[in-house]
Amino acid sequence: MAAFLEETVTMVHHWTDRLFSFRTTRDPHFRFENGQFAMIGLNVDGKPLLRAYSMASPNHDDGLEFFSIKVPNGPLTSRLQNIRLGDTILIGRKCTGTLLQDNLLPGRNLYLASTGTGFAPFASIIRDFTVYERYEKVVVLHGCRTVAELGYSEEVVNSLLGDEYMAEIVTGKLVYHPTVTREPFRYMGRVTSGLEDGSIPRQSGLPPLDPAQDRVMICGSEAMLKDMVALMESRGFEEGSSSRPGHYVIEKAFVEK
Ligand code: A2P
């Protein structure tokens with residue numbers, strides 16, 4: 001068996017000069033849980049060049065979708081940003097990750113807190129109808145520098161709300177709370193500040209964060225994770241794992257240094 005699956009690019013969309021998303025074909029044997037990541041990449045000079053990427057598509061989708069940053073000198077993303085329809089993407093067969101429903105205790109509301117490409121695993125999770133059976137509200141927080149950087153999360157949410165089958169499931173349950181830090185927008189400031197001062201739950205008509213009721217999945221930059229973990233711990237939330245489900249789980253958004 002080949003070490004990597006070879007999939008074909010079927011769609012590429014550039015949201016900004018820093019962010020793009022793309023879709024590929026999917027081998028029917030490639031299985032994953034919503035929220036997981038795999039190693040993906042390109043053949044460069046005859047060798048596989050791979051990085052960790054969360055699957056942004058849900059596992060019932062026939063194709064695969066990914067959301068990526070473009071790092072000008074990044075070994076992989078400087079090349080990956082130039083992919084075209086028909087190109088080949090290598091995909092490792094092993095999927096892993098901590099952003100799993102079973103790593104959390106049952107709760108009332110699920111917060112999915114992300115910055116930048118950290119939204120990717122949540123694009124998968126919010127397109128999984130089973131998450132709406134577990135929670136009263138599924139609250140997507142996406143913090144970006146600019147309004148244009150919210151383009152992908154806005155499209156994923158809008159297409160869910162407009163989907164014939166999913167609209168009925170998500171309407172009134174899926175709460176989308178985008179925030180922007182570097183230009184004017186209806187919600188401004190960092191995700192961390194809005195949770196810390198309570199403005200995010202308040203503006204979404206939700207009660208203040210409470211470890212007895214709320215569950216939180218976190219995916220963003222290392223600085224964001226550090227601040228979010230400090231906030232969670234200060235509020236009495238405990239980190240969950242597969243051996244011991246808890247109140248919150250974290251995953252680094254996979255950005256090339
Ligand atoms: P800021 O503009 O204040 O840096 P990036 O694209 O650099 O990963 O940033 C995505 C978003 O994450 C930006 O809105 C950025 O805000 C925000 N951000 C950066 N650091 C943190 C942090 N420690 N906690 C929460 N949000 C952060």
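Colleague: How many salt bridges does a search of the whole structure find?
Modeller: A search of the whole structure turns up 7 salt bridges, a salt bridge being a side-chain nitrogen of Lys or Arg within 4 Å of a carboxyl oxygen of Asp or Glu. Bear in mind that this is a predicted model, where local features need pLDDT of at least 70 and side-chain atom pairs count only at pLDDT 80 or more, while totals for chains, interfaces and linings use all residues. Residues are numbered from 1 along each chain as its sequence is written, and side-chain values use heavy atoms, with hydrogens and water left out.

Colleague: Which side chain meets Glu 149 in a salt bridge?
Modeller: That's Arg 18, at 2.5 Å from N to O. The pair links distant parts of the chain, 131 residues apart: Glu 149 is in the loop between β8 (137–144) and α4 (151–161), and Arg 18 is in the loop between β1 (4–14) and β2 (19–24). Helices (H or I, at least four residues) and strands (E, at least two) are DSSP runs, numbered from the N terminus.

Colleague: Is Glu 149 buried or exposed?
Modeller: Glu 149 is buried, with a relative accessible area of 6%. Buried means under 20% relative accessible area, exposed over 50%, and partly exposed in between (1.4 Å probe, protein chains only). Arg 18 is partly exposed, at 24%.

Colleague: And what about Asp 61, which side chain does it meet in a salt bridge?
Modeller: Asp 61 pairs with Arg 23 at 2.9 Å, N to O. Asp 61 lies in the loop between β4 (47–54) and β5 (64–69) and Arg 23 in strand β2, so the pair ties together parts 38 residues apart in sequence. There's also a salt bridge between Arg 127 and Glu 65, at 3.1 Å. Salt bridges that share partners join Arg 23, Asp 61, Glu 65 and Arg 127 into one network.

Colleague: Switching to the ligand: which residues surround it?
Modeller: Among them are Arg 18, Cys 144, Arg 145, Arg 182 and Thr 192, each with a heavy atom within 4 Å of the ligand. A polar side-chain atom of Arg 182 lies 2.6 Å from a ligand oxygen atom, and one of Arg 145 lies 2.8 Å from an oxygen atom of the ligand.

Colleague: Which element gives the largest share of the shell?
Modeller: The helix α8, with 3 residues. The elements giving two or more residues to the shell are β8 and α8 (222–234).

Terms used: A polar contact is a pair of N or O atoms within 3.5 Å; within protein, one must be able to donate a hydrogen and the other to accept it, and residues adjacent in sequence count only if both atoms are side-chain atoms.
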